[in-house]
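Please look over the sequence and the model below before reading on. The report then takes up a few features in turn.

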Amino acid sequence: RLLSALQSGQAHGFVAAHAVTTVYYIIAKETDDATARLAVVYLLQLLSVIPLAGPDFQAAVALAMPDFEDSVQVAAALAAQADYIVTANKKDFRRSPVPSRSAAEILPLVLSVQPS
(Lines give C-alpha, C1' and ligand atoms only; values in the text may rest on other atoms or scores of the structure.)
Protein backbone atom coordinates (compact mmCIF):
# COMPACT_ATOMS: atom_id res chain seq x y z
CA ARG A 1 0.00 0.00 0.00
CA LEU A 2 2.88 2.36 0.68
CA LEU A 3 4.34 1.77 -2.78
CA SER A 4 0.90 2.43 -4.27
CA ALA A 5 0.74 5.71 -2.36
CA LEU A 6 4.12 6.67 -3.80
CA GLN A 7 3.00 5.66 -7.28
CA SER A 8 -0.11 7.83 -7.03
CA GLY A 9 1.95 10.82 -5.92
CA GLN A 10 0.59 10.96 -2.37
CA ALA A 11 4.17 11.03 -1.08
CA HIS A 12 7.71 11.24 -2.34
CA GLY A 13 10.20 8.50 -1.53
CA PHE A 14 13.95 8.18 -1.78
CA VAL A 15 16.47 5.38 -1.99
CA ALA A 16 20.19 5.69 -1.36
CA ALA A 17 22.14 4.96 -4.54
CA HIS A 18 24.14 2.17 -2.96
CA ALA A 19 20.95 0.42 -1.84
CA VAL A 20 19.76 -0.16 -5.41
CA THR A 21 22.37 -2.85 -5.93
CA THR A 22 21.42 -4.42 -2.62
CA VAL A 23 17.78 -4.61 -3.70
CA TYR A 24 18.84 -6.26 -6.95
CA TYR A 25 21.06 -8.76 -5.13
CA ILE A 26 18.40 -9.79 -2.60
CA ILE A 27 15.69 -10.26 -5.22
CA ALA A 28 17.97 -12.07 -7.67
CA LYS A 29 19.09 -14.43 -4.92
CA GLU A 30 15.48 -15.34 -4.14
CA THR A 31 14.18 -15.36 -7.73
CA ASP A 32 16.18 -14.71 -10.91
CA ASP A 33 18.02 -11.98 -12.81
CA ALA A 34 15.04 -10.90 -14.91
CA THR A 35 12.78 -10.50 -11.88
CA ALA A 36 15.45 -8.56 -10.01
CA ARG A 37 16.03 -6.22 -12.95
CA LEU A 38 12.29 -5.62 -13.28
CA ALA A 39 12.09 -4.83 -9.56
CA VAL A 40 14.91 -2.29 -9.91
CA VAL A 41 13.15 -0.64 -12.86
CA TYR A 42 9.96 -0.39 -10.79
CA LEU A 43 11.86 0.94 -7.79
CA LEU A 44 13.52 3.62 -9.91
CA GLN A 45 10.13 4.72 -11.22
CA LEU A 46 8.81 5.17 -7.68
CA LEU A 47 11.75 6.61 -5.79
CA SER A 48 14.30 9.35 -6.30
CA VAL A 49 17.86 8.07 -6.05
CA ILE A 50 20.03 9.94 -3.58
CA PRO A 51 23.60 10.02 -4.85
CA LEU A 52 26.26 9.67 -2.18
CA ALA A 53 29.80 11.02 -2.23
CA GLY A 54 32.76 11.16 0.12
CA PRO A 55 31.29 13.78 2.47
CA ASP A 56 28.15 11.67 2.93
CA PHE A 57 30.22 8.67 3.96
CA GLN A 58 32.25 10.87 6.30
CA ALA A 59 28.98 12.05 7.85
CA ALA A 60 27.94 8.40 8.23
CA VAL A 61 31.17 7.59 10.06
CA ALA A 62 30.64 10.57 12.37
CA LEU A 63 27.18 9.30 13.33
CA ALA A 64 28.88 6.42 15.17
CA MET A 65 25.84 4.16 14.91
CA PRO A 66 26.47 0.46 15.60
CA ASP A 67 25.90 -0.57 11.97
CA PHE A 68 27.73 1.44 9.31
CA GLU A 69 25.18 0.53 6.63
CA ASP A 70 22.46 2.08 8.79
CA SER A 71 24.64 5.18 9.23
CA VAL A 72 24.93 5.49 5.45
CA GLN A 73 21.14 5.23 5.15
CA VAL A 74 20.82 8.05 7.67
CA ALA A 75 23.36 10.15 5.77
CA ALA A 76 21.30 9.62 2.61
CA ALA A 77 18.12 10.61 4.44
CA LEU A 78 19.84 13.75 5.70
CA ALA A 79 21.05 14.57 2.17
CA ALA A 80 17.50 14.16 0.87
CA GLN A 81 16.04 16.14 3.76
CA ALA A 82 13.69 13.21 4.31
CA ASP A 83 11.11 13.42 7.06
CA TYR A 84 11.42 9.74 7.99
CA ILE A 85 13.38 6.59 7.36
CA VAL A 86 11.03 3.71 6.56
CA THR A 87 12.44 0.47 7.90
CA ALA A 88 11.47 -2.90 9.30
CA ASN A 89 14.21 -2.49 11.92
CA LYS A 90 13.39 0.68 13.83
CA LYS A 91 15.59 -0.33 16.76
CA ASP A 92 18.63 -0.06 14.49
CA PHE A 93 17.88 3.63 13.97
CA ARG A 94 17.40 4.71 17.60
CA ARG A 95 20.43 7.03 17.34
CA SER A 96 19.35 8.48 14.01
CA PRO A 97 18.67 12.22 13.77
CA VAL A 98 16.02 11.30 11.17
CA PRO A 99 13.13 9.50 12.86
CA SER A 100 12.36 5.98 11.70
CA ARG A 101 8.96 4.44 11.16
CA SER A 102 7.67 1.12 9.90
CA ALA A 103 5.73 1.03 6.63
CA ALA A 104 2.55 0.44 8.65
CA GLU A 105 3.26 3.53 10.74
CA ILE A 106 4.10 5.75 7.79
CA LEU A 107 1.12 4.81 5.65
CA PRO A 108 -1.49 6.73 7.70
CA LEU A 109 0.78 9.78 7.64
CA VAL A 110 1.09 9.57 3.87
CA LEU A 111 -2.60 9.02 3.35
CA SER A 112 -3.55 11.96 5.59
CA VAL A 113 -1.40 14.42 3.62
CA GLN A 114 -3.46 16.38 1.13
CA PRO A 115 -1.68 17.64 -1.98
CA SER A 116 -1.35 21.43 -2.06
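## The largest pocket

The model is predicted. Its largest pocket holds about 1400 Å³ of space. The lining of this pocket is made up of 46 residues. Those nearest the centre are Gly13, Phe14, Leu47, Ile85 and Val86.

At least two residues each come from helix H1 (2-7), strand E1 (13-16), helix H2 (17-30), H3, strand E2 (47-50), helix H5 (68-80), E3 and H6. H5 gives the largest share, with six residues. Sorted by class, the lining has 31 nonpolar residues, 11 polar ones and four charged ones.

## Salt bridges

Side chains of opposite charge can pair when their charged atoms come close. A pair counts as a salt bridge here if a side-chain nitrogen of Lys or Arg lies within 4 Å of a carboxyl oxygen of Asp or Glu. The model has three salt bridges by this rule.

Arginine 37 counts as exposed because its relative accessibility is 52%, and the cut-off for exposed is over 50%.

Another salt bridge is between glutamate 105 and lysine 90, whose closest N and O atoms are 2.8 Å apart. This pair links distant parts of the chain, 15 residues apart: glutamate 105 is in helix H6 (residues 103-112), and lysine 90 is in the loop between strand E3 (85-86) and strand E4 (100-101). Glutamate 105 is partly exposed, at 33% relative accessibility. Lysine 90 is also partly exposed, with a relative accessible area of 33%.

Lysine 91 and aspartate 92 form a salt bridge as well, at 3.2 Å from N to O. Which of these two side chains is exposed, and which is partly exposed? Lysine 91 is exposed, because its relative accessible area is 54%. Aspartate 92 is at 28% relative accessibility, so this residue counts as partly exposed.

## A nonpolar surface patch

On the surface, Phe57, Val61 and Phe68 form a nonpolar patch. Together these residues have about 280 Å² of accessible area. Phenylalanine 57 is located in helix H4 (residues 54-63). With a relative accessibility of 32%, phenylalanine 57 counts as partly exposed.

## Residues apart in sequence

Arginine 1 lies in the segment before H1. How far is arginine 1 from alanine 104 in space, C-alpha to C-alpha? The distance is 9.0 Å, although arginine 1 and alanine 104 are 103 residues apart in sequence. Arginine 1 counts as exposed because its relative accessibility is 71%.

Aspartate 67 is in the loop between H4 and H5. Its C-alpha atom is separated by 7.7 Å from that of aspartate 92, and the two residues are 25 residues apart along the chain. Aspartate 67 is partly exposed, at 35% relative accessibility. Aspartate 92 is also the partner of lysine 91 in the salt bridge described above.

Note on methods:
Residues numbered from 1 in each chain as written. Predicted model: local features only at pLDDT ≥ 70, side-chain atom pairs only at ≥ 80, totals over all residues. Heavy atoms only, no water. Patch = residues over 30% accessible without salt bridge, like charges linked within 9 Å, V, L, I, M, F, W, Y side chains within 5 Å. Areas by Shrake-Rupley, 256 points an atom, 1.4 Å probe, with all protein chains shown as cover. Helix = DSSP H or I, 4+ residues; strand = E, 2+ residues; numbered from the N terminus. Buried < 20%, exposed > 50% of the residue type's maximum accessible area, 1.4 Å probe, protein only. 1 Å grid on protein atoms, 1.4 Å probe; cavity = no way out; pocket = protein on both sides within 12 Å on 5 of 7 lines; lining within 4 Å. Points joined across faces, edges and corners; volume = space filled by probe spheres on them. Nonpolar A, V, L, I, M, F, W, Y, C, P; charged D, E, K, R; others polar.
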